[in-house]
Amino acid sequence: MNNPIVEKYFRMDNLPHIWCPGCGNGIIMLALAKAIDSLGLDKDKVCVVSGIGCSSRAPGYLDFNTLHTTHGRALAFATGVKLANPELEVIVISGDGDASAIGGNHLIHAARRNIGITTIVFNNNIYGMTGGQYSPTTPNGDLGTTAPHGNIDRPFDIAQLAAAAGATYAARSTVYHANQMEKMIETAIAHKGFSMVEVISTCPTYYGRKNKKGSAANMIAFLKDSFIDVKVAEKLPEEKKAGKFLMGEFKKEEGVVEYTVAYESIIERLKK
Amino acid sequence: MGARDNQEIKIKKEWCKGCGICVTFCPKQVLGYDDEGKVAMLDSENCIKCGQCEMRCPDFAIFLGGKE
Ligand SMILES: Cc1ncc(C[n+]2csc(CCOP(=O)(O)OP(=O)(O)O)c2C)c(N)n1
Ligand code: SF4
Ligand code: SF4
Ligand code: SF4
């Protein structure tokens, strides 16, 4: 007896997954499967690519064409997959470290090119797999094994970073807001061009424990209380926005030429 | 008849890691734990079949399924 969505889109032999109790990764993975189901995509026409990290283990559980590559390089491999097979829906799953530290350069250039890849960042504010080193999204002042006295860096806003670099769809949600997140992933996959969905997730084992954030449920309750939609925020007075974080759709631009389309047009031109 | 009248909450105990997320966010507070710390349905009469437990269970261990 299984959830039919799980039976349809997951490699049942590989479940249950190895993630810790309360790790947000599973919530995002289920939302992704549901989004793909709503779009009615042919499983053989989907390719899920990841780098290295706890989050990057997701493609091992998903029953599509999948590629588990090297740390930070998922978008480089995905770019190759998409250029060779423009008809595929290419989806990249990446941790905050994978996407914005070691892989940050690939991220801004994939966004700049507006290549038709959907990137879902599982942002748990830490390097989970390697034991809790701070990442480019660890909040200022928070603790990590490499920031034992508090992180002095300022964090990246990954969704806005992608938008500024040229992504034509950029949105952020959280694992509390799983329904909204699923809709964003659906929109992002349907979008023609580079799309980014940053999902704020939970790592109760490292980020949570180091920073005394309580149980996984406490961490998710924090997301519920702290994130407000940009559209709602626009109408709120400043004092109501203090200490809050923004989620929602930040950018949706149509009509920008997608990279493989531009590439194809060169080939067509040279054939004449 | 509502669209979800023929559905009920199913629990796959083997996969439950007892994280408590579903229990915390169930709007009707009908979920709890068994002796092993895994999720248990305490009051199915009052479950509104909203699916919030399913959408936030990281382990796919609780979901709405067809009644047998
Ligand atoms: C080239 C290279 N450098 C470093 C590592 C070690 N390493 C593995 S995962 C990881 C970071 C994981 O953090 P993140 O990408 O945020 O994913 P998470 O585990 O939190 O999901 C690092 C530094 C590696 N595997 N390869
Ligand atoms: S270490 Fe953190 S990110 Fe990795 S599986 Fe555990 S909770 Fe998830
Ligand atoms: S379906 Fe809704 S009411 Fe029923 S157990 Fe799940 S969260 Fe609670
Ligand atoms: S959310 Fe899932 S894994 Fe966590 S207690 Fe509920 S059923 Fe178990």
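Predicted model: local features only at pLDDT ≥ 70, side-chain atom pairs only at ≥ 80, totals over all residues.
Reader: At roughly what angle do the axes of α2(A) and helix α7 of chain A cross?
Author: Two packed helices are described by the angle between their axes and the distance between the axes. Axes are lines fitted to C-alpha atoms, for helices over the stretch in contact, with angles from 0 to 180 degrees between N-to-C directions. Helices (H or I, at least four residues) and strands (E, at least two) are DSSP runs, numbered from the N terminus. The axes of α2(A) and helix α7 (residues 178–190) of chain A come within 8 Å, and they cross at roughly 50°.

Reader: Is the crossing of α2(A) and α7(A) left-handed or right-handed?
Author: A crossing is left-handed if the near helix is turned anticlockwise from the far one by less than a right angle, and right-handed if clockwise. For α2(A) and α7(A), the crossing is right-handed.

Reader: How do helix α5 and helix α6 of chain A lie: roughly parallel or oblique?
Author: Angles under 35 degrees count as roughly parallel, over 145 as roughly antiparallel, 65 to 115 as roughly perpendicular and the rest as oblique. The axes of helix α5 (residues 104–113) of chain A and helix α6 (residues 158–165) of chain A come within 7 Å and cross at roughly 45°. That makes α5(A), relative to α6(A), oblique.

Reader: Is Ala164(A) buried or exposed?
Author: Buried means under 20% relative accessible area, exposed over 50%, and partly exposed in between (1.4 Å probe, protein chains only). Ala164(A) sits in helix α6 of chain A. Its relative accessible area is 71%, so Ala164(A) is exposed.

Reader: How many salt bridges does the structure hold over all chains?
Author: Side chains of opposite charge can pair when their charged atoms come close. A salt bridge is a side-chain nitrogen of Lys or Arg within 4 Å of a carboxyl oxygen of Asp or Glu. Over all chains, the number of salt bridges is 14.

Reader: How many residues apart in sequence are the parts tied together by Asp37(A) and Lys8(A)?
Author: The side chains of Asp37(A) and Lys8(A) form a salt bridge, 3.1 Å from N to O. Asp37(A) lies in helix α2 (residues 25–39) of chain A and Lys8(A) in helix α1 (residues 4–9) of chain A, so the separation of the parts they tie together, in residues, is 29.

Reader: Which residue forms a salt bridge with Lys43(A)?
Author: The closest N and O atoms of this pair are 3.2 Å apart, and the partner is Asp63(A). The pair ties together parts 20 residues apart in sequence, because Lys43(A) lies in the loop between α2 and β1 (46–50) of chain A and its partner in the loop between β1 and β2 (65–68) of chain A. Lys43(A) is partly exposed, at 25%. At 31%, also partly exposed, is Asp63(A).

Reader: Which residues come nearest to ligand 3?
Author: The shell around ligand 3 divides into ten nonpolar, two polar and one charged. Of its 13 residues, those that come nearest are Cys26(B), Cys47(B), Cys50(B), Gly51(B) and Cys53(B).

Reader: Near what value is phi of Lys49(B)?
Author: Lys49(B) lies in the loop between β3 (39–41) and α2 (52–56) of chain B. Lys49(B) is buried, with a relative accessible area of 18%. Phi is positive here, in a residue other than glycine, and is near 55°.

Reader: Which residue does a cis peptide bond join to Leu15(A)?
Author: The omega angle of this bond is about 0°.

How values were computed: Residues numbered from 1 in each chain as written. Chains lettered and ligands numbered in written order. Heavy atoms only, no water. Near = heavy atom within 4 Å. Nonpolar A, V, L, I, M, F, W, Y, C, P; charged D, E, K, R; others polar.
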